[in-house]
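I set them down in the order in which I looked them up.

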Protein chains: 2
Amino acid sequence: MYTLSPNESEQLHAYWRAANYLSAGQIYLHTNALLKEPLKSAHIKPRLLGHWGTCPGLNLVYTHLNRLIIKNKASVLFVAGPGHGAPAVLSQLYLEGSYSAFYPQVTQDEAGMNLLFRQFSTPYGMPSHVTALTPGSIHEGGELGYSLVHAFGAVFDNPDVIAACVIGDGEAETGALAASWQSIHFLNPARDGAVLPILHINGYKISSLTILARMSDAEITSLFSGLGYQPYFVTGDDAVEVHEILATALDQAYRDIKHIQQQIRQEGLSRPQMAWPMIVLRTPKGWTCPEMLEGKQLEGSFRSHQVPIPDAGENEEQLKLLESWLRSYDPASLFTDTGHLQPLIQSLVPPSELKMGMHPAANGGILTKPLQLPEYSDYAVEIDKPGITKAGATKETGKYLADVFRFNDPAQNFRLFCPDETSSNKLNAVFEATERCFTGPLDKGDDKVSATGRVMEVLSEHLCQGWYEGYLLTGRHGLFACYEAFITIIDSMMTQYAKWLKLCHEVSWRRPIPSLNYLLTSHAWRQDHNGYSHQGPGFIDAVISKKNHIIRIYLPPDANSLLAVTHHCLQTTNYINVIIAGKQPSLQWLTVEDAARHCEQGASIWEWAGNEKQNEEGIENNQAVSLPHVVLTCAGDVPTLETIAAAWLLRKHLPALAVRVVNVVDLMSLAITHPHALEEDAFARVFTEEQPVVFAFHGYPRVIHDLVHGRPSTSRFHVRGYAEEGTTTTPFDMVVLNSMSRYHLAIKAIRESVLNDTTEANNAIALFERKLQEHTSYIKEHMDDMPEIANWHWS
Amino acid sequence: MYTLSPNESEQLHAYWRAANYLSAGQIYLHTNALLKEPLKSAHIKPRLLGHWGTCPGLNLVYTHLNRLIIKNKASVLFVAGPGHGAPAVLSQLYLEGSYSAFYPQVTQDEAGMNLLFRQFSTPYGMPSHVTALTPGSIHEGGELGYSLVHAFGAVFDNPDVIAACVIGDGEAETGALAASWQSIHFLNPARDGAVLPILHINGYKISSLTILARMSDAEITSLFSGLGYQPYFVTGDDAVEVHEILATALDQAYRDIKHIQQQIRQEGLSRPQMAWPMIVLRTPKGWTCPEMLEGKQLEGSFRSHQVPIPDAGENEEQLKLLESWLRSYDPASLFTDTGHLQPLIQSLVPPSELKMGMHPAANGGILTKPLQLPEYSDYAVEIDKPGITKAGATKETGKYLADVFRFNDPAQNFRLFCPDETSSNKLNAVFEATERCFTGPLDKGDDKVSATGRVMEVLSEHLCQGWYEGYLLTGRHGLFACYEAFITIIDSMMTQYAKWLKLCHEVSWRRPIPSLNYLLTSHAWRQDHNGYSHQGPGFIDAVISKKNHIIRIYLPPDANSLLAVTHHCLQTTNYINVIIAGKQPSLQWLTVEDAARHCEQGASIWEWAGNEKQNEEGIENNQAVSLPHVVLTCAGDVPTLETIAAAWLLRKHLPALAVRVVNVVDLMSLAITHPHALEEDAFARVFTEEQPVVFAFHGYPRVIHDLVHGRPSTSRFHVRGYAEEGTTTTPFDMVVLNSMSRYHLAIKAIRESVLNDTTEANNAIALFERKLQEHTSYIKEHMDDMPEIANWHWS
């Protein structure tokens with residue numbers, strides 16, 4: 001008994017041929033789309049781009065998914081891992097009418113088909129990878145490795161959705177993809193949808209073989225069974241046979257998914273009693289293109305990876321070969337004379353609301369419900385006077401986040417992502433409202449773990465980032481809390497997300513989605529106990545190069561300002577928000593009202609910390625009546641502590657020096673062109689026009705060097721920050737090692753001021769230098785019986 | 001029949017107890033190391049640091065490896081994935097005497113033991129993670145995920161070495177680790193050593209369960225069999241039993257390895273006929289620490305991950321519990337009254353040359369043989385005049401690299417690492433000298449692949465980087481060629497490597513190793529066809545924040561300068577060299593002699609490209625006799641082209657403007673404190689003191705803003721570079737989009753010069769603006785029938 005009737009088989013095959021024809025057409029033709037004329041070199045694009053090799057496989061899967069969707073009224077989100085195969089995805093969108101729905105000029109007729117072809121991979125046309133311009137997509141096809149993790153993120157809290165995720169055998173070699181299979185242990189069939197991985201093994205990458213291609217079916221079965229999947233193999237190079245096998249496999253996979261969901265949702269089982277299905281599709285690379293070119297194998301070889309017949313425009317032989325290839329699909333049987341779909345093909349187009357190109361989750365902003373947020377001032381730390389109370393910033397924000405979970409429990413649209421560090425990052429108050437998520441077997445010794453938990457902990461920054469991206473892009477909310485040093489593991493994922501987001505801002509039909517929020521803690525300055533490997537503020541550098549209208553970087557100096565910033569970020573859309581704040585109990589500076597005001601301004605004068613008023617005529621409305629001798633500026637909680645201590649030291653030991661203290665909470669307020677940039681006059685009011693600025697910064701000093709470039713008299717900005725010095729030591733020694741201690745700041749302030757070289761100034765400097773020496777001697781002394789180790793640093 | 005005699009079992013158990021005792025001692029005690037006195041809170045360190053949870057497992061493995069080493073005279077390199085477990089590694093080094101060999105103050109007696117304890121995790125002491133300070137180690141324990149890939153890199157071309165690699169079940173969740181299992185398909189038993197993965201499943205991470213812990217033995221067997229390994233399970237919590245099972249498993253694994261090697265080396269089989277062995281060790285987390293603390297489970301739970309009894313210093317109950325724990329190892333039975341090893345323990349110490357802590361490969365500089373390098377000038381492109389000849393920089397360097405392979409074939413100490421892009425990056429000349437490496441089954445369609453190939457292609461930047469690090473750290477040479485945009489995938493690995501390298505510079509016994517060389521090509525400016533996702537110069541930003549004495553960044557403007565730079569980098573040690581150069585055929589500028597001179601200087605005036613001489617009194621010895629009106633500066637091949645074109649346009653259309661052209665090949669020559677920094681006067685000779693500089697840069701402009709901070713009159717530096725604008729377009733449009741085109745540069749040069757606002761100047765500007773408009777109109781016009789897509793960019 002066959003799964004497919006002869007008619008269905010014919011229908012699938014025709015649809016597939018149509019899609020393949022359109023894919024090849026996009027790569028080669030800029031006119032004569034229906035091949036009404038004999039092919040001439042004038043019809044060939046001047047530059048041939050696009051990746052053919054993966055297209056037939058993508059087309060095969062997409063075509064068969066249409067059948068599945070129509071048959072089952074299934075809600076399927078398509079994720080194209082081999083996103084270089086945009087010609088396939090675009091062909092499918094065109095056939096089903098989604099392309100025209102978003103780009104009405106590209107009509108489903110001859111003119112539209114010519115336009116489809118012409119705009120593929122031409123300047124400002126449709127890129128050769130799937131991008132934010134591609135309807136129905138949440139997944140960029142450029143940097144490989146993230147398809148499967150995106151698919152999982154997309155179906156979390158989306159119980160009715162199946163993400164059909166095609167994974168190339170090249171992509172499968174990446175670290176991110178290899179880790180992504182583990183996601184199945186975090187998928188709860190009761191509340192989440194399903195992911196159907198379709199591993200497409202076509203054997204070759206751009207110029208070499210793939211590892212998976214050289215593994216036997218038995219090895220592959222063994223591997224994926226171990227990972228928790230039941231692989232269904234679809235192998236062949238006879239299209240009719242493959243249609244039958246693939247349709248059967250997809251039907252089976254769909255039944256498996258429904259069965260698992262029923263076991264959990266209706267029968268009340270706590271865990272699935274069977275493995276999740278996946279498809280292993282072994283079909284030739286570049287399938288249906290010419291078998292040979294100039295004596296070398298093309299179809300089924302890496303030579304069909306990109307443009308299989310590269311010189312068709314110039315070489316008559318190749319042009320003929322191309323024509324025979326294109327005509328092998330028999331376009332007249334697929335499209336009418338006017339370029340409309342033949343009825344056989346039209347009948348495989350799902351109804352509009354089920355078309356994969358129209359899936360609302362792929363334009364997640366449509367579905368976004370704003371978060372219900374508590375009043376953050378309810379969680380404020382009481383502050384009588386600055387610098388008295390101690391509190392842990394993340395601990396307080398953890399309480400706020402617990403209520404974010406509670407308030408949004410009905411909507412099931414908020415998750416916290418964290419590489420096993422929620423407690424270590426002192427955010428554990430959230431565990432009063434929810435738990436860690438794990439859907440595998442639990443032990444009695446487990447703490448705060450359940451299948452319904454909303455804290456996604458896994459020791460993989462890649463999975464945290466990828467799940468979160470998938471979750472966001474389908475319109476939900478979240479926060480990624482991470483050790484600062486290890487967030488750079490996903491530098492490149494953040495970069496690609498920023499690129500996606502930039503396009504979203506520019507594509508009119510892409511609706512805003514919630515911002516991507518990072519809370520970086522356990523930061524560089526307080527990893528003295530964990531040592532040098534844990535000390536790295538480099539993520540700022542990766543983020544800051546992105547477009548100004550996309551990025552926001554906050555360095556809240558205390559608990560109340562972290563609350564204010566977090567509350568703000570959770571309400572924003574289409575940004576990447578980076579928040580950096582410590583987890584250790586620290587001195588508090590601002591009441592919640594002051595924090596709100598300060599965060600609003602981005603950077604402001606902390607009058608109480610300086611001594612302008614005492615020395616001069618004071619400050620009114622954040623505007624000094626006269627100029628301080630020096631501006632001590634800080635951004636970041638540890639730099640703030642050191643700066644305030646430096647100001648205090650100076651008040652005490654060199655009272656004649658008029659010191660202003662400025663805190664920068666919104667880093668981009670320093671920039672010139674950022675939307676949050678201080679206007680020229682505001683900048684001058686805060687930093688003066690010419691007075692020396694001693695700047696203590698959380699990250700690498702170079703960040704500030706760049707930001708102030710173009711501001712008045714930049715040579716007066718003397719920046720101290722992380723100078724890539726560290727080891728296992730004390731928190732104070734960390735700031736000493738990096739020349740950012742209170743003493744360093746105070747000395748630099750004096751040296752750069754008009755008072756430099758006066759007797760009082762020299763006395764103060766001598767005192768501060770002695771203090772530094774005492775500190776260093778103390779540490780040295782305590783190490784003096786282990787010279788080989790101790791000396792490596794003092795040499 | 002037992003594997004272990006009763007005496008061996010006793011010996012192993014005693015050794016293990018001794019190591020565990022020392023591990024706990026390091027965490028808790030700063031004196032009273034032998035517990036001769038009753039434990040008092042005064043003996044407890046003021047701050048308790050270190051990760052106990054993984055120590056018993058590491059100690060167990062290390063102890064048993066000693067037995068294996070003695071029995072077989074095996075050369076074993078130990079890689080500790082759970083590097084947080086430094087107390088265990090350090091205990092082992094201490095027991096075997098390697099610690100004292102490198103740090104003679106830490107004697108193997110009571111005083112030395114006290115010192116061992118005291119210096120653990122105290123300021124400037126031994127960090128709580130394995131670092132470059134740890135003898136016998138090539139692997140930092142801070143950022144998890146790279147142990148297995150390092151192990152493979154270390155044994156490539158090291159046929160006699162077995163890397164025993166302990167992998168934690170936390171680390172196993174990371175992307176890099178998940179991908180690393182695939183390395184087995186690149187290991188050639190004929191020429192490479194072996195890796196023995198020891199997967200330690202102790203069940204918990206810092207505060208949650210691990211995925212692997214909840215998988216059944218059957219699932220784990222299935223998973224790893226699929227990956228190509230034969231897992232041997234060692235499960236238990238009865239030490240005597242576990243010793244027997246582990247010893248048996250290790251013996252079996254060793255036999256398997258020898259058997260595979262014999263099959264290939266003696267019997268001439270082309271591929272192993274059996275799977276590679278691995279150990280799966282399932283023992284309790286924190287094994288042998290107290291079972292319970294204050295009613296909660298400790299041993300076997302995440303609560304033993306770090307410091308199991310956290311308040312032993314303050315809490316009397318906890319102190320007692322700690323004392324009974326420490327005494328449970330019966331230190332008097334392990335150490336003599338003077339703190340020397342009891343004979344039973346001493347007998348399990350391998351001979352010096354086989355001690356894992358003394359393994360020469362772990363201090364690879366000892367073994368390094370310098371590369372035999374060809375004369376690079378033999379590969380030079382002939383240049384008659386600048387700007388006439390076209391050549392592809394990487395193509396020419398590929399020929400040079402082919403000879404590097406040939407020259408060093410006898411030494412078998414050079415490899416090229418590349419994510420499947422060697423041909424795409426136009427380095428394919430190397431395939432005339434070697435092939436891609438793959439040790440799995442080959443097909444007739446495969447091109448340039450063999451088990452003896454030295455080009456390591458896999459679609460994982462993590463594997464390329466990790467293999468290369470392991471290969472370097474054991475004293476060999478290499479080059480990592482990569483698409484520029486995707487090298488940021490390993491930002492954090494490079495950062496950790498830079499940290500390791502910084503320590504190597506400071507630890508006297510660490511011998512210099514060959515530099516880590518990146519050749520980044522297919523770069524941001526010529527990925528116009530691949531689109532926005534492929535356009536990212538951010539790796540410079542990640543590298544440049546590292547210590548000045550470690551990093552070198554080169555932007556050779558043409559083929560001959562790429563040859564010169566590559567040749568130089570391959571001879572250096574202990575650096576991270578980043579070379580960025582295009583692969584497309586481009587205009588050539590420098591003869592090989594000029595290139596050599598230019599690279600030597602770092603930045604120099606290209607007299608022929610400017611028109612100072614014509615206008616003023618000329619340049620002698622790279623020193624202008626008088627000042628140009630404007631300095632056009634460029635770094636990077638595309639910026640060089642645009643700058644030279646801008647200078648040409650200015651000469652033609654505004655000849656009165658005295659233009660100097662400066663090219664920067666060594667980026668760090670711009671810095672102030674870098675060893676390659678131009679001295680103040682040299683900087684002034686090249687860039688003048690005050691004339692405007694229009695700087696076209698390959699990367700983000702912020703890099704230059706930072707580098708020139710502190711140089712004279714920085715506000716005159718007007719930098720154009722990658723402004724995060726891109727799409728599928730033309731190469732020239734890329735520079736237009738980012739305002740770095742020849743016209744932009746020429747206009748800016750005029751605007752910033754003294755000639756601004758003269759009639760001639762205004763005419764020239766008008767002309768250039770018209771040219772830009774024409775370009776933009778042309779592209780717009782060709783897109784005007786697809787407004788929705790085209791307009792997203794022009795809006």
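This is a predicted model: local features need pLDDT of at least 70, side-chain atom pairs count only at pLDDT 80 or more; totals for chains, interfaces and linings use all residues.

**Entry 1. A pair in chain A**

I looked up A:Lys40 and found a relative accessibility of 43%, so I record this residue as partly exposed. Its partner in a salt bridge is A:Glu37, with 3.5 Å between the closest N and O atoms. A:Glu37 has a relative accessible area of 38% and is likewise partly exposed. For the whole model, I note a count of 62 salt bridges over all chains.

**Entry 2. A pair across two chains**

I next examined A:Arg702, which forms a salt bridge with B:Asp541; the closest N and O atoms are 4.0 Å apart. A:Arg702 belongs to helix α22 of chain A (residues 701–708) and B:Asp541 to helix α16 of chain B (residues 539–544), so this pair joins two chains. Are these two residues buried or exposed? I find A:Arg702 buried, at 5% relative accessible area. B:Asp541 is buried as well, at 2%.

I then asked which residues are linked with them in a network of salt bridges. The network contains A:Asp541, A:Arg702, A:Asp706, B:Asp541, B:Arg702 and B:Asp706.

**Entry 3. A pair within chain B**

I turned to B:Glu642 and B:Arg742, whose side chains form a salt bridge with an N to O distance of 2.9 Å. The two residues are 100 residues apart and link distant parts of the chain: B:Glu642 sits in helix α20 (residues 637–653) and B:Arg742 in helix α24 (residues 742–751), both of chain B. For B:Glu642 I record a relative accessible area of 3%, which means that this residue is buried. B:Arg742 has 22% and is therefore partly exposed, since the cut-off for buried is under 20%.

**Entry 4. A serine in a loop of chain B**

Where does B:Ser522 lie? I located B:Ser522 in the loop between β14 (516–521) and α16 of chain B.

I looked up the polar contacts of its side chain. One joins B:Ser522 to the side chain of B:Asn425 at 2.6 Å. Another, of 3.0 Å, runs from B:Ser522 to the side chain of B:Lys583. Setting aside neighbours within four places in sequence, I also list residues in contact with B:Ser522, among them B:Ser424, B:Tyr483, B:Glu484, B:Gln527 and B:Ala581.

How values were computed
Residues are numbered from 1 along each chain as its sequence is written. Chains are lettered from A and ligands numbered from 1 in the order in which they are written. Side-chain values use heavy atoms; hydrogens and water are left out. Buried means under 20% relative accessible area, exposed over 50%, partly exposed in between (1.4 Å probe, protein chains only). Helices (H or I, at least four residues) and strands (E, at least two) are DSSP runs, numbered from the N terminus. A polar contact is a pair of N or O atoms within 3.5 Å; within protein, one must be able to donate a hydrogen and the other to accept it, and residues adjacent in sequence count only if both atoms are side-chain atoms. Contact means heavy atoms within 4.5 Å.
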